[in-house]
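This report covers one protein chain. Please look over the sequence and the model before reading on.

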Amino acid sequence: MGSNDPVAIQVQNLSKFRSALKQAGPGLVEQVKATNYQVASSVAQSARTLASSQGGVAARTAPSIRGIKSSASSQVRIGGANYPFALGAEFGSLRYKQFKSWRGNQWAAWGASGVGYFLHPTIRAQRDQIMQTYGDNVEKIMTAAFPG
């Protein structure tokens with residue numbers, strides 16, 4: 001696998017894993033949730049900063065970028081009822097002139113220039129930090145859940 005190939009981590013039987021964590025010790029699922037939120041919050045903060053620095057609709061979108069707490073995944077949300085222009089700010093447009101040029105809306109490989117103006121570039125730029133955070137925290141959780 002080259003450095004520009006997409007990377008995905010898939011956990012089969014995640015619900016069984018979370019069940020095992022619940023049985024192994026109190027608070028372990030909460031630690032997974034905290035790790036997901038830590039990653040999402042870091043990405044969201046950096047994406048807000050990048051969006052703000054771009055001015056225009058990107059800067060107006062910045063406050064809508066936020067990390068979400070979930071034990072099942074790390075999520076960053078963008079937009080909402082008060083930000084109907086958010087996705088145009090992130091992906092660009094072929095039709096509407098208030099947005100930058102269209103960059104597509106499909107995930108590009110780690111390290112590729114690809115899609116997005118602030119959120120997706122932030123995710124790509126923080127790849128190593130994201131992987132390190134998950135690696136460190138999952139190791140701590142697993143050690144606590146299954147010592148010995």
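The sections below describe the basis of the model, its fold, its surface and its cores.

## Basis

This is a predicted model, in which local features need pLDDT of at least 70 and side-chain atom pairs count only at pLDDT 80 or more, while totals for chains, interfaces and linings use all residues. Residues are numbered from 1 along each chain as its sequence is written, and side-chain values use heavy atoms, with hydrogens and water left out.

## Fold and contacts

The protein chain has 6 helices and 2 strands. Helices (H or I, at least four residues) and strands (E, at least two) are DSSP runs, numbered from the N terminus. In that direction the order is α-α-α-β-β-α-α-α.

A contact means heavy atoms within 4.5 Å. Of the contacts between residues at least 6 apart in sequence, 55% join residues at least 24 apart.

## Burial and surface

Of the 148 residues, 34% count as buried, that is, under 20% relative accessible area with a 1.4 Å probe, protein chains only. The chain exposes about 9000 Å², and carbon and sulfur atoms supply 52% of this area. Accessible areas come from the Shrake-Rupley method with a 1.4 Å probe.

## Nonpolar cores

A nonpolar core is a set of buried Ala, Val, Leu, Ile, Met, Phe, Trp, Tyr and Cys residues joined through side-chain atoms within 4.5 Å. The largest has 16 residues, and A51, V57, I65, F118 and L119 have the most contacts inside it. The elements giving two or more residues to this core are α2 (28-54) and α3 (56-61); the largest share, 5 residues, comes from α2.

Not counting residues up to four places away in sequence, V57 touches F85, A89, Q98 and F99. A second, separate core has 6 residues, including L21, L28, V29 and I141.

Note on methods. Buried < 20%, exposed > 50% of the residue type's maximum accessible area, 1.4 Å probe, protein only.
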